[in-house]
Amino acid sequence: MPIRRILITGSPVLHTRAKEVDQIGDSVRALVSDMFETMDAAPGVGLAAPQIGVGLRIFVFSWDDQGVTHRGVAINPTLALSDSPVSEPTEEFDSEGCLSIPGERFPLSRYGHATLTAMNLEGNEFQIEARGWLARIFQHEYDHLDGILYADRLQKPYARQMKKAIKQIGWGEPGESWMPGEDDLEA
């Protein structure tokens with residue numbers, strides 16, 4: 001169960017739609033184990049397979065909501081959104097970060113309710129109705145599977161600030177990554 005390097009924006013796999021998982025075998029189980037280990041070490045609340053260089057439609061999540069822990073894996077997920085997104089995001093309540101753009105956080109509107117349908121490691125379909133931050137986590141990770149980073153969804157003035165931050169740090173090119181627990185970067 002090794003911790004994997006997390007890719008930073010600019011790596012092609014982060015900006016490409018991931019492929020469906022054909023079969024859940026030992027290699028997928030090992031990948032998911034590594035993903036949990038990496039997410040926990042980062043620390044993060046979600047991690048998609050493309051973030052560690054694997055172009056498969058898999059993400060893991062872990063969120064503690066007032067003593068209730070939501071932790072799992074979503075393989076070949078679909079996501080249904082309802083309610084309207086917040087029209088004007090606020091820094092206090094809607095600030096989002098990403099392990100593939102570590103250290104940066106910006107307000108982003110997301111839908112308040114999401115229904116996740118996916119398979120677990122046993123190949124069984126499950127469904128989770130999520131509100132609030134869990135719904136935000138599902139939307140964020142699902143976007144990764146479609147090659148979309150949260151930075152791609154930012155509106156003015158935050159989009160401009162994010163582009164400037166990425167340029168100043170020198171990211172946006174293939175090959176950049178960081179290692180949770182070793183490098184001094186966090187989301």
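**View A. What lines the largest pocket of this predicted model.** Sorted by class, the residues around the largest pocket come out as eight nonpolar, six polar and four charged. That makes a lining of 18 residues, and Val 45, Gly 97, Cys 98, Arg 105 and His 140 sit nearest the centre. Helix H3 (132-145) puts in the largest share, with six residues. Strand E5 (95-97), like H3, supplies at least two residues of the lining. The space inside comes to about 270 Å³.

**View B. The second largest pocket, with about 200 Å³ of space.** Here 11 residues make up the lining, and Leu 81, Arg 110, Tyr 111, Gln 139 and Arg 153 are the closest to the centre. Six of the lining residues are nonpolar, two are polar and three are charged. H3 turns up in this lining too, giving at least two residues, as does strand E4 (68-85).

View C. Why does Ser 100 count as buried? Its relative accessible area is 0%, so it falls under the 20% cut-off. The Ser 100 side chain reaches the backbone oxygen of Leu 7 at 2.8 Å. Leaving aside residues up to four places away in sequence, Ser 100 touches Ile 6, Leu 7, Ile 8, Thr 9, Leu 14, Gln 51 and His 144.

**View D. Glu 96 and its two arginine partners, Arg 110 and Arg 136.** Glu 96 meets Arg 110 in a salt bridge, N to O at 2.8 Å. Through shared partners, salt bridges join Glu 96, Arg 110, Arg 136, Asp 143 and Arg 153 into one network.

**View E. A salt bridge between Arg 5 and Asp 183.** The whole structure holds 11 salt bridges. In the one shown here, the closest N and O atoms of Arg 5 and Asp 183 are 3.5 Å apart. Arg 5 is in the segment before strand E1 (6-7) and Asp 183 in the segment after strand E9 (177-178), so the pair links parts of the chain 178 residues apart. Arg 5 is partly exposed at 37% relative accessible area, and Asp 183 is partly exposed at 32%.

Terms used. Residues are numbered from 1 along each chain as its sequence is written. This is a predicted model: local features need pLDDT of at least 70, side-chain atom pairs count only at pLDDT 80 or more; totals for chains, interfaces and linings use all residues. Side-chain values use heavy atoms; hydrogens and water are left out. On a 1 Å grid over the protein atoms alone, a cavity is a set of points where a 1.4 Å probe fits but cannot get out, and a pocket is an open set with protein on both sides within 12 Å along at least five of seven lines; lining residues have an atom within 4 Å of a point. Grid points are joined across faces, edges and corners, and a volume is the space filled by probe spheres set on the points. Helices (H or I, at least four residues) and strands (E, at least two) are DSSP runs, numbered from the N terminus. Ala, Val, Leu, Ile, Met, Phe, Trp, Tyr, Cys and Pro count as nonpolar, Asp, Glu, Lys and Arg as charged, and the others, Gly among them, as polar. Buried means under 20% relative accessible area, exposed over 50%, partly exposed in between (1.4 Å probe, protein chains only). A polar contact is a pair of N or O atoms within 3.5 Å; within protein, one must be able to donate a hydrogen and the other to accept it, and residues adjacent in sequence count only if both atoms are side-chain atoms. Contact means heavy atoms within 4.5 Å. A salt bridge is a side-chain nitrogen of Lys or Arg within 4 Å of a carboxyl oxygen of Asp or Glu.
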